[in-house]
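Okay, thanks everyone. I'd like to walk you through one bit of helix packing today, so let me put the model up.

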Amino acid sequence: MKRMERAAIQTLYPNIGTNRGEHLMRAVELLEEAGDREAGKEFLPMQPGEIYKTCADNDAISADLGNRPATSIEHGIPESVRRHRDDQKV
């Protein structure tokens, strides 16, 4: 997918997921692996206004494009990091 196409899709559908909840620490682990570095983490109690559980709603993209996104975070996070590095020439 071309850079412009990705940008247009991300503008129309800014939060695309698999309608499945994922553990935050799993996402952090995958980012650490893909970025070849450990994240600075400070574990604190839940803060006012924080959301305990959330999940992306795919209804709009499914209705418009006729399919449901199904990329796992195990594939999607490393691929997103790779694309970002390629785009930024990092």
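When I say contact, I mean heavy atoms within 4.5 Å. And buried is under 20% relative accessible area, exposed over 50%, partly exposed in between, with a 1.4 Å probe and protein chains only. Helices are DSSP runs of H or I, at least four residues, numbered from the N terminus.

Quick caveats: this is a predicted model, where local features need pLDDT of at least 70, side-chain atom pairs count only at 80 or more, and totals for chains, interfaces and linings use all residues. Residues are numbered from 1 along each chain as its sequence is written, and side-chain values use heavy atoms, without hydrogens or water.

So, α4, residues 73–88. Its buried residues are Ile73, Gly76, Ile77 and Val81.

What covers them? Part of the cover is α2, residues 24–35. On the α2 side we've got Arg26, Ala27, Leu30, Leu31, Ala34 and Gly35, meeting Ile73, Glu74, Ile77, Pro78, Val81 and Arg85 in α4.

Most residues other than glycine have a negative phi. Asp36 is in the loop between α2 and α3 (59–65), and Asp36 is exposed, at 64% relative accessible area.

Terms used: Helices (H or I, at least four residues) and strands (E, at least two) are DSSP runs, numbered from the N terminus.
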